[in-house]
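Here is a short note for a colleague who is opening this structure for the first time. Please read the points with the model in view.

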Amino acid sequence: MSRIDNLMARMTLAEKLGQLTMTASSYTVTGPVIAGDSTQSIIDGTIGNLLNMVGAGPVHEMQRLAVEKSRLRIPLLIGLDIIHGHRTLFPIPLAEAGVFDENLWERTAREAAREGTADGLAMTFAPMLDVSRDPRWGRTAEGPGEDSWLNARIAQAKVRGFQGNDLSSPEAMAACAKHFVAYGGVTAGREYAAVDISERNLREVYLPGFAAAVHAGVATLMPAFTDLNGVPMTAHIPLLRDWLRGEMGFDGVIVSDYNAIAELIKHGVAADLVDAAVLALKAGVDIDMMADAYRKGLPIALEQGRVTIEEIDASVRRVLRLKEQLGLFDDPYRRGATPEPAAVVARRHALARDVARRAVVMLKNERDTLPLSAAAKALCVIGPLADASTEMKGPWWGAGEHEPAISVLAGLRAALPQTDIRHAPGVAIESDDESGIEAAARLCDGADAVLLCLGERATMSGEAASRATPALPGRQQALAEAVMARAHALGIPVVAILFSGRPLVVPWLSEHADALLAAWFLGVEAGHAIADVVTGQVSPVGRTPMSWPRAVGQVPIFYGQRPSGRPMNPADYFTSKYQDVDNTPLYAFGHGLTYGRFSYDDLQVAPPRVREQDTLKISVSLRNVGAREAEETVFLFVRAKVSRVTRPLLELKGYAKLRLKPGEAGSVDLELRAAELRLLGPDLQPLFETGEVEILVGPSAEQTGLLRQTIELC
Ligand code: BGC
């Protein structure tokens with residue numbers, strides 16, 4: 001008899017429901033208190049899983065209760081949100097997406113897993129795979145941005161990184177693909193609001209990331225808080241049971257979001273907790289996080305014949321199997337057995353700095369304002385985010401809460417010890433007080449350049465952080481205007497550095513700043529990374545994974561829109577446009593400048609006629625016509641010319657990178673399997689449609705910068 005069969009045969013109903021329950025503990029090492037319950041429940045076997053614990057000491061202390069004091073000695077599964085690093089915080093996921101580097105996405109997850117497992121943890125609630133096209137939604141910060149192909153690549157890299165090849169390794173943790181599905185489509189970008197999207201959008205845009213995670217072997221998955229077209233995801237039988245478990249063959253653990261089962265009552269689909277528990281279990285949700293609906297509701301439901309013991313058992317088995325795969329039965333203390341050596345942590349910080357500098361997106365750089373001249377004697381570092389080390393970490397700092405982070409000011413002072421670096425915040429991030437603006441502007445006198453550090457507080461993005469006007473908060477616009485006026489009157493260039501968990505609506509700043517950097521939230525090494533970029537130690541390589549709107553009214557704005565029968569034409573009144581703003585984004589998906597300048601030429605695509613089983617070979621020549629060495633990211637898009645269904649104006653299918661010295665030329669080779677050009681036909685079934693397809697290659701999704709070639713599918 002297997003270990004699991006043996007346990008199943010001996011478990012009481014209460015013990016089974018304990019395995020289906022996950023409860024939050026206190027957050028820090030100050031003393032493990034189980035919320036709304038007690039450690040006695042672990043000993044009783046009625047709590048089998050915990051979240052929000054930090055530190056190998058407390059984790060092992062709880063584990064000991066389960067393994068040494070409970071009747072059946074079943075180990076606990078203990079998880080935490082490790083969203084962009086555990087203690088060593090990397091750039092937020094949105095920023096990391098823009099690095100376009102699968103090895104790097106995997107490495108940061110691997111390092112986060114190493115650090116998290118050293119703290120005794122066996123599970124993370126990541127990766128977050130919510131495609132998002134609406135910067136009002138604060139959780140854009142946690143995800144991949146607007147593109148579904150990119151999301152799928154990230155999904156696979158992250159699952160590989162967290163889980164490795166062997167879940168039982170002391171350095172591996174179970175990943176959790178979340179939030180299933182289409183959470184990013186919340187109405188008007190408002191957190192937790194209803195989602196209503198078409199079946200086509202669901203299949204083309206939102207599901208592929210989850211399919212990719214399942215193919216990569218993700219161990220667990222979390223349904224979104226939200227409803228989809230009228231059915232809350234926590235109770236969504238067609239998607240959880242039929243699509244995920246059925247079509248995709250996912251047999252891992254489905255864990256509810258925090259209190260989400262009880263929230264089925266507020267959604268109005270469950271009358272009470274018993275009803276809610278029945279709906280979630282029937283949909284295939286195995287673990288109830290924080291609602292206590294399973295423990296309270298399922299015994300009653302079972303008695304009433306509304307669920308069967310077989311349904312409960314199936315979930316219990318999945319949880320026990322995960323614990324077994326994680327090696328918890330064999331050695332529950334394998335994670336966190338030895339503290340990490342200082343050298344390992346130092347190497348991780350070096351990685352954090354490297355990723356952070358690669359995540360910076362240079363949106364604008366007029367007259368080569370950046371890098372700063374080595375001859376600069378005095379710099380002004382102005383703005384509420386200049387000396388804001390805590391903000392650099394961004395939302396979801398998890399166990400990194402008390403870790404030091406490097407501010408821009410500290411980073412610049414370390415990089416330029418001989419330079420006179422002046423600093424004034426000018427204003428606070430959000431307050432109405434303008435009294436510091438004048439003094440800040442006066443600092444510019446006699447300086448060589450101004451670095452204006454503006455943006456959001458870290459907690460203005462992330463969960464429950466929607467903003468109707470995702471622009472500069474407080475009086476930062478007034479500060480920017482005053483500083484810019486003074487600096488420009490003196491002939492001093494202004495570099496604006498923006499911190500945010502989303503693209504911000506900043507048309508004025510974009511027009512007036514001499515250079516503009518999107519620094520997102522870069523993590524513990526932020527200040528060093530920014531110093532590396534602005535001093536020219538490295539050339540920027542980051543690309544924006546979301547379009548930047550010119551006005552909030554353009555939202556949702558994304559490059560993969562479908563065409564209109566009346567495409568925008570300024571000369572024709574009755575066309576698809578706004579009267580008050582262009583259709584185009586301020587900065588397109590994929591946009592990001594380097595210190596080089598790349599010209600594109602000679603796009604070759606072969607063969608000219610392809611069948612479904614063929615692979616296209618694509619190459620393009622590049623020359624760095626700029627004055628500095630740099631690495632360019634080259635994007636590959638496609639578009640069907642005529643199709644039975646309207647297709648997006650562009651679809652991303654690949655990317656490649658090339659580093660070139662000034663004056664140097666080289667070429668980039670890309671491959672595309674023709675099968676990837678399959679689309680969903682009018683009946684939503686996969687279809688390899690014959691006809692002409694355009695292959696487009698260039699530096700971003702901005703149409704004017706793309707080289708194109710037509711091939712024929714036959
Ligand atoms: C969030 C999840 C998270 C969970 C546990 C919820 O509020 O939506 O993303 O994993 O809390 O912390």
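How do the residues of the lining of the second largest cavity divide into nonpolar, polar and charged? The answer is 7 nonpolar, 2 polar and 8 charged. The points below put that cavity in its setting. Bear in mind throughout that this is a predicted model.

1. **The second largest cavity.** Its volume is about 150 Å³. Its lining comprises 17 residues. Nearest its centre lie Ala640, Leu677, Leu679, Val693 and Leu713.

2. **The largest cavity.** The count of cavities of 30 Å³ or more comes to 4. In the largest cavity there is about 220 Å³ of space. Its lining has 22 residues, and those nearest the centre are Ile83, Pro93, Glu96, Pro127 and Lys158. Two or more lining residues come from each of α5 (93-97), α6 (102-118) and α7. The most come from α6, which gives 4 residues. By class, the lining has 15 nonpolar, 4 polar and 3 charged residues.

3. **The largest pocket.** Look next at the open spaces. The largest pocket has a volume of about 1300 Å³. It is lined by 38 residues, and Arg203, Glu204, Pro208, Lys653 and Arg678 are the closest to its centre. Both helices and strands take part: α7 (148-163), α8 (199-215), α9 (237-247), β21 (651-660) and β23 (679-680) each give two or more residues. The most come from α8, with 9 residues. The lining counts 19 nonpolar, 6 polar and 13 charged residues.

4. **The second largest pocket.** This pocket holds about 930 Å³ of space. Gln561, Asn583, Thr584, Pro585 and Leu649 lie nearest its centre, out of 32 lining residues. The lining has 17 nonpolar, 10 polar and 5 charged residues.

5. **α7 against α8.** Two packed helices are described by the angle between their axes and the distance between the axes. For α7 and α8, the angle is about 20° and the axes are 8 Å apart. Angles under 35 degrees count as roughly parallel, and α7 and α8 are therefore roughly parallel to each other. Their crossing is right-handed. On the α7 side, the contact is made by Ser148, Asn151, Ala152, Ala155, Gln156 and Val159. On the α8 side, the residues are Glu204, Val205, Pro208, Gly209, Ala212, Ala213 and His215. By class, this contact has 7 nonpolar, 5 polar and 1 charged residues.

6. **α8 against α9.** What is the angle at which the axes of α8 and α9 cross? They cross at roughly 50° and come within 11 Å. That makes α8 oblique to α9. The crossing is right-handed. From α8, the contact uses Leu202, Arg203, Leu207, Phe210, Ala211 and Val214. From α9, it uses Leu239, Trp243, Leu244 and Glu247. The contact has 8 nonpolar, no polar and 2 charged residues.

7. **Two cis peptide bonds.** Most residues other than glycine have a negative phi, and most peptide bonds are trans. Check the bond that joins leucine 370 and proline 371: it is cis, with omega about -5°. Proline 371 sits in the loop between β11 (361-365) and β12 (378-382). A cis peptide bond also joins alanine 606 and proline 607, with omega about -5°. Proline 607 is in the loop between β17 (598-606) and β18 (609-610).

8. **A positive phi.** Where is tryptophan 520 found? Its place is the loop between β16 (515-518) and α19 (526-534). Phi of tryptophan 520 is near 45°, a positive value in a residue other than glycine.

Conventions:
Residues are numbered from 1 along each chain as its sequence is written. This is a predicted model: local features need pLDDT of at least 70, side-chain atom pairs count only at pLDDT 80 or more; totals for chains, interfaces and linings use all residues. Side-chain values use heavy atoms; hydrogens and water are left out. On a 1 Å grid over the protein atoms alone, a cavity is a set of points where a 1.4 Å probe fits but cannot get out, and a pocket is an open set with protein on both sides within 12 Å along at least five of seven lines; lining residues have an atom within 4 Å of a point. Grid points are joined across faces, edges and corners, and a volume is the space filled by probe spheres set on the points. Ala, Val, Leu, Ile, Met, Phe, Trp, Tyr, Cys and Pro count as nonpolar, Asp, Glu, Lys and Arg as charged, and the others, Gly among them, as polar. Axes are lines fitted to C-alpha atoms, for helices over the stretch in contact, and angles run from 0 to 180 degrees between N-to-C directions. Angles under 35 degrees count as roughly parallel, over 145 as roughly antiparallel, 65 to 115 as roughly perpendicular and the rest as oblique. A crossing is left-handed if the near helix is turned anticlockwise from the far one by less than a right angle, and right-handed if clockwise. Contact means heavy atoms within 4.5 Å.
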